[in-house]
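Hi,

Here is the structure I promised to pass on. Have a look at it first, and then read my notes below.

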Amino acid sequence: MILFKKAESLSRYLSQQKNEGVQIGFVPTMGALHQGHISLIEAAKKENRLTVCSIFVNPTQFNNSSDFQHYPVTTDKDIEKLLAAGCDVLFLPLAEEIYPPGFLARHYDLGSLETVLEGHYRPGHFQGVCQVIERLLEIVQPNRLYLGAKDFQQVKVITRLLHLLGKQDEIAVRMEPTLRENDGLAMSSRNLRLSAEQRALAPVIYTVLSSIKEKYKAGNKSLPQLEEQAASELEKNGFAVDYLQIRDADTLLSPTADSKHIVVLTAAALGEIRLIDNLPLN
Ligand code: AMP
């Protein structure tokens, strides 16, 4: 694995590779890597000659400064995991490589994606995600971009970003399934910050999402009732629920008679640790 810290040298190396016909798969991350991240590396390796992973804890996507300050950093272990997974290139930039002096943040028109669910509860978050992803894509110029369904709304936002940038035909988005612990908890870097007591409660999120799925499949289509029951189950277990919503998976708005794909999405906190998860219902 080749480690790059400088955007310019990475770009130079990757454009040489592309000129030789090498296809590039890209996995952007914020580090504290777990098997969920590694599954994206594995998916990229299957389809591309060269797999690039970036680790950058992007300050502009944190709407909560305590969350940013406490975001876990485990670089040595991350490098070991990437080596074991056979990742070809790691980009580990300092902030000034991503946001050079004079960098001007611009505004991305994300429509309702920016005002619903995560967008509502984390103002500015998706603007920050678009900033970092636009810059990383400019540096890496991948053929394929690998993203986790765990951050479902983020996949929608980045897909829209590619359209805004006119790059939708140049870069394919691959959404990979959410990897879970044995007890159902979606793997997440933030799980490292849960206390033992909170860790024991955290899988309740998956239990309530799965129970909605079962009821939905069994014919209970009273969505507000399903949402309320599940949210109150989470609250009974000590979660502070931001939202638990059943949505059209394409628009992330309330389902209509025409909705083809339905998904339930939730964000709920145990103490300071805010967890998100989602499950397709059909
Ligand atoms: P992050 O480091 O949290 O920014 O995540 C980097 C990428 O890994 C994003 O595309 C996430 O959606 C994806 N990811 C995070 N957790 C999981 C998981 N449990 N399963 C699959 N992908 C994940």
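**What holds the inside together**

In this predicted model, the largest nonpolar core has 44 residues. Those with the most contacts inside this core are Leu-10, Val-52, Phe-91, Ile-98, Val-140 and Leu-252. At least two core residues come from each of α1 (7–19), β2 (24–29), β3 (50–55), β4 (89–91), α7 (125–140), β5 (144–148), α8 (152–164) and β8 (262–270). Of these, α7 gives the most, with 9 residues. In soluble globular proteins, nonpolar side chains tend to be buried together.

Leaving aside neighbours within four places in sequence, Phe-91 is in contact with several residues, including Phe-4, Leu-10, Ile-55, Ile-98 and Leu-136. There is also a second, separate core of 26 residues, with Val-204, Ile-212, Val-241 and Ala-268 among them.

**Around the ligand**

Which residues come nearest to the ligand? Of the 16 around it, they are Met-30, His-37, Asp-151, Leu-179 and Met-187. The protein covers 93% of the 490 Å² of accessible area that the ligand has on its own.

The elements giving two or more residues to this shell are β2, α2 (35–47) and β5, and α2 gives the most, with 3 residues. By class, the shell has 8 nonpolar, 6 polar and 2 charged residues.

Enjoy exploring!

Note on methods. Residues are numbered from 1 along each chain as its sequence is written. This is a predicted model: local features need pLDDT of at least 70, side-chain atom pairs count only at pLDDT 80 or more; totals for chains, interfaces and linings use all residues. Side-chain values use heavy atoms; hydrogens and water are left out. A nonpolar core is a set of buried Ala, Val, Leu, Ile, Met, Phe, Trp, Tyr and Cys residues joined through side-chain atoms within 4.5 Å. Buried means under 20% relative accessible area, exposed over 50%, partly exposed in between (1.4 Å probe, protein chains only). Helices (H or I, at least four residues) and strands (E, at least two) are DSSP runs, numbered from the N terminus. Contact means heavy atoms within 4.5 Å. A residue is near a molecule or strand if one of its heavy atoms lies within 4 Å of it. Accessible areas come from the Shrake-Rupley method with a 1.4 Å probe; for residues, only the protein chains shown count as cover. Ala, Val, Leu, Ile, Met, Phe, Trp, Tyr, Cys and Pro count as nonpolar, Asp, Glu, Lys and Arg as charged, and the others, Gly among them, as polar.
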